[in-house]
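Colleague: I would like to learn how to read the features of a model like this one. Could we go through it together?

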Amino acid sequence: MKKLMMIAALMVATLSANAQDMFIKPMIGGTLSTLRGSDVEGNKMRLGLAAGAEFGYMFTEQFGATGGLLVSMQGSNFKDTDYTKDVSTTLTYLNVPMLANYYIFPGFAVKAGVQFGFLLSAKHKASERLLEGSWHDYEQSGTDGMKKFDFSIPLGISYEFSDFVIDARYNPSLTKINNSDYASKAYNSVIMLTLGYKIPL
């Protein structure tokens, strides 16, 4: 009986130690996004929202890994011309980032990994000048002709204090946003800044 109690106590201690290494981190923040590529001209940064949560595990004091689900608003604004103004493209993705985290010193980490994105919605807006000189507002929603999958390589840094985590990332996409081989070569380019809170599991 004593041996069984000792084994049970060791198992509980082991599970407790492992639990201290695991955490979930709800996070919310914003994106500063645009489109990049050889065929993209006149685009500007646009602001969006980002929110979700990540699950993390610390293998050692210096090395850990995270995986998460984040809803992210991306896309681009475009410069006004004589014939168009207020042109914008809003792309909403469900992103799945998987990152390795290396802590240079306690609280400060550099991170890199891969991210899989799934297009949830797309909206294009513009005002067009008509022949008589007035402006006509135009809006189109839908994901027809757009790739439903996006692959990017996030790079970033984070700083932790009192279980709060400030996280800054750059997510350059390697996947065109358009489906057709003949469409313009436009790729997502996203800067994301979030504030999270680590909850031990």
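Colleague: What share of the contacts in the protein with a separation of 6 or more do residues 24 or more positions apart account for?

Modeller: This is a predicted model, in which local features need pLDDT of at least 70 and side-chain atom pairs count only at pLDDT 80 or more, whereas totals for chains, interfaces and linings use all residues. Residues are numbered from 1 along each chain as its sequence is written, and side-chain values use heavy atoms, with hydrogens and water left out. A contact means heavy atoms within 4.5 Å, and residues 24 or more positions apart account for 62% of those with a separation of 6 or more.

Colleague: Which residues make up the largest nonpolar core?

Modeller: Such a core is a set of buried (under 20% relative accessible area, 1.4 Å probe, protein chains only) Ala, Val, Leu, Ile, Met, Phe, Trp, Tyr and Cys residues joined through side-chain atoms within 4.5 Å. Here the largest has nine residues, namely Leu 35, Val 40, Leu 91, Tyr 93, Leu 119, Ala 122, Met 146, Ile 177 and Ala 186.

Colleague: How many salt bridges are there?

Modeller: The rule asks for a side-chain nitrogen of Lys or Arg within 4 Å of a carboxyl oxygen of Asp or Glu, and the count comes to five. In one of them, Asp 167 meets Lys 111 at 2.8 Å, N to O. Because Asp 167 lies in strand β10 (residues 164-176) and Lys 111 in strand β6, this pair ties together parts 56 residues apart in sequence, strands being DSSP runs of E of at least two residues, numbered from the N terminus. Both Asp 167 and Lys 111 are buried.

Conventions: Buried < 20%, exposed > 50% of the residue type's maximum accessible area, 1.4 Å probe, protein only. Helix = DSSP H or I, 4+ residues; strand = E, 2+ residues; numbered from the N terminus.
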